[in-house]
Amino acid sequence: MKQAPAIVLTIVLLILSHYLLNALINPYYLRVILLIGLSITLATSLNLINGYTGLFSLGHAGFMAVGAYSAAAVSVFLIPKLAFLNGLIPELIRGEVFFVLSLLAGACAAALVGFMIGLPTLRLRGDYLAIATLGFAEIIKVFFNNLEAVGKAKGFTGIPAIPHAVNFFWVFFIAVTCVWVVGKMTSSSKGKDFAAVREDEIASSSLGLSHFKVKMKAFVIGSFFAGLGGGVYAHLEGTIYPENFNILKSIEFVVMVVLGGMGRLWGVVLAAAFLTLLPELLRELPPPFSILSQFRMILYSLIIIITMLIRSKSFAKSIN
Amino acid sequence: MTEFIQQLINGLAWGSIYALIALGYTMVYGILRLINFAHGEVYMMGAMTGYYAVQWGMGTGSLFHLAAVLCIAMIVCSLLGWAIERGAYRPMRKAPRLNVLITAIGVSLFLQFSGQYIFGADPKPFPPLIENKNILNFEGIVLSNIQLTIFISSILLMLGLRYIVLKTQMGKAMRAVSYDHTASYLVGINVNRVISFTFILGSALAGAAGILVGISNPTVNPLMGLMPGIKAFVAAVLGGIGNIPGALIGGLIMGVAETMVSGYLSGTYRDALAFIILILILVIRPQGLLGKTTQEKV
């Protein structure tokens with residue numbers, strides 16, 4: 001384990017900054033920072049699918065929903081039944097162990113759903129894949145909207161908070177892990193598979209690469225992290241509604257990936273942070289400019305169109 | 001049985017509206033290989049135009065008023081469709097298809113949110129252009145004059161479209177361009193003008209659909225285009241994308257299926273149905289009911 005010191009250092013740094021931030025920053029700003037961490041996780045996991053592998057998923061919020069609901073369900077229904085394990089786990093970290101357990105359950109559920117959705121849809125090309133993933137995300141939403149056990153449209157309430165309220169640590173631990181894993185995976189020699197499939201499916205499959213397997217790998221890992229992010233989100237909020245995970249949510253993550261530059265690791269991280277911060281910044285502006293905060297979503301859509309127009313210009317140049 | 005026939009009539013009325021929207025999707029896809037995500041918003045603008053046309057002095061109450069509002073909405077939507085193509089899609093003609101698709105999503109969001117800002121996010125009561133009355137009541141099966149209007153207007157519009165596509169010079173050019181851009185250009189067809197015309201034609205149909213939804217639904221709002229837009233696209237895929245009769249059949253099947261699910265199961269499952277149909281069709285018969293399989297070339 002060459003990376004062991006780095007991992008320990010990261011964890012220590014995260015814990016330190018958790019206590020520092022809790023002491024220094026007011027809860028409102030802290031919440032914005034937490035939302036940034038969640039956005040980074042979700043945008044980076046989508047970057048693996050849409051950016052590196054060149055698929056076009058429009059249903060990322062669906063996987064987030066599966067993660068959120070499954071993790072919350074494990075915390076609410078299963079953990080109380082595990083009381084007989086209490087003797088085996090020291091008191092101090094008991095909450096953490098159960099919390100990690102439910103997060104992992106949520107992430108695995110999301111990965112499993114990603115696998116099942118990937119089986120029929122990953123054979124589709126570009127725009128068909130987009131509309132099929134959008135469809136599945138919508139089906140997932142309708143499913144939770146009709147499920148009595150998780151409160152239907154009234155919301156799933158009573159999800160326990162993150163143990164010891166170390167919110168910052170968990171949100172950013174997952175964000176860092178996600179960025180690290182995606183960065184490592186895509187820069188390794190095996191990880192060039194993703195780019196190969198994106199750049200030319202026919203050429204890469206003629207070299208013996210199963211593009212279905214590569215796409216599936218990206219899709220399942222992407223859904224896994226979306227599920228992790230969803231699980232943390234559920235425990236952070238305490239109540240989740242199916243409407244939290246609608247099409248607009250998926251599109252928000254797509255905008256982050258597009259603005260950050262598809263397949264650029266740090267660009268997408270920055271874009272996720274910027275786009276989460278933007279509405280809050282606009283809200284803080286003095287009166288004549290504060291009207292801009294109402295334009296937030298209009299601004300989002302213009303950002304997409306203009307980014308794409310500029311990119312196509314440079315693309316046309318590179319052909320000539 | 002009575003209930004079944006009643007649901008069938010309701011479903012066909014709703015399906016005709018899907019069909020009108022789906023025609024725009026299918027024509028644009030046929031000619032540009034692009035899912036024009038903004039198409040649902042053009043339909044929303046059609047309904048909004050109808051609302052404001054009445055607000056600003058158009059009278060209500062007769063078929064003449066309905067026809068006038070329908071024409072205004074179709075003209076406004078044609079202009080909007082033309083502007084969308086000119087402003088957002090034409091500069092990207094040579095870009096990868098995925099980039100154009102993302103732009104289309106951007107345009108769709110732009111229209112939704114500007115609509116929310118300009119018109120206000122609250123639902124608006126659509127003015128009663130014609131009075132709702134039942135013209136046929138046969139052993140409990142009811143056909144209202146609104147449903148009859150929807151049937152007749154959509155049939156007329158589709159016959160008009162059929163005439164344009166099959167009998168006119170422009171229609172011939174459209175078919176040529178959807179077959180091969182470069183070859184059409186070589187034989188002297190102004191490809192850009194044909195594409196603009198396709199957008200105008202599709203958007204006019206969407207505008208008409210907006211008005212027809214307005215007279216049968218109580219309210220209109222700036223986000224009303226999102227779901228029907230996506231479902232109409234599914235209808236186009238169901239019938240075979242790029243295929244005009246296919247869009248018609250797909251739209252009708254979609255409308256009937258949705259009404260049946262709402263009627264016999266529960267309204268909450270309605271939104272999932274379209275996507276279940278989509279996924280089944282993509283897995284079982286990706287070319288759609290009437291589509292032809294095409295061999296992929298390297």
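Student: Is A257(B) buried, partly exposed or exposed, and what do those words mean?

Tutor: Buried means under 20% relative accessible area, exposed over 50%, and partly exposed in between (1.4 Å probe, protein chains only). A257(B) has a relative accessible area of 21%, so A257(B) is partly exposed. This is a predicted model, where local features need pLDDT of at least 70, side-chain atom pairs count only at pLDDT 80 or more, and totals for chains, interfaces and linings use all residues. Residues are numbered from 1 along each chain as its sequence is written, chains are lettered from A and ligands numbered from 1 in the order in which they are written, and side-chain values use heavy atoms, with hydrogens and water left out.

Student: Which residues does A257(B) touch?

Tutor: Contact means heavy atoms within 4.5 Å. Leaving aside residues up to four places away in sequence, A257(B) touches L273(B) and I277(B).

Student: Now to chain A: how many residues of α10(A) are buried?

Tutor: Helices are DSSP runs (H or I, at least four residues), numbered from the N terminus. In α10(A), 10 of the 14 residues are buried, so the helix is largely enclosed by the rest of the structure. Among them are F253(A) and M256(A).

Student: What do chain A and chain B bury between them?

Tutor: Buried area is the accessible area (1.4 Å probe) that two parts lose on being put together, summed over both. Here that is about 3,600 Å², 82% of it on carbon and sulfur atoms. In chain A, D127(A), Y128(A) and I131(A) lose the most area to chain B, together 18% of what that side buries.

Note on methods
Helices (H or I, at least four residues) and strands (E, at least two) are DSSP runs, numbered from the N terminus.
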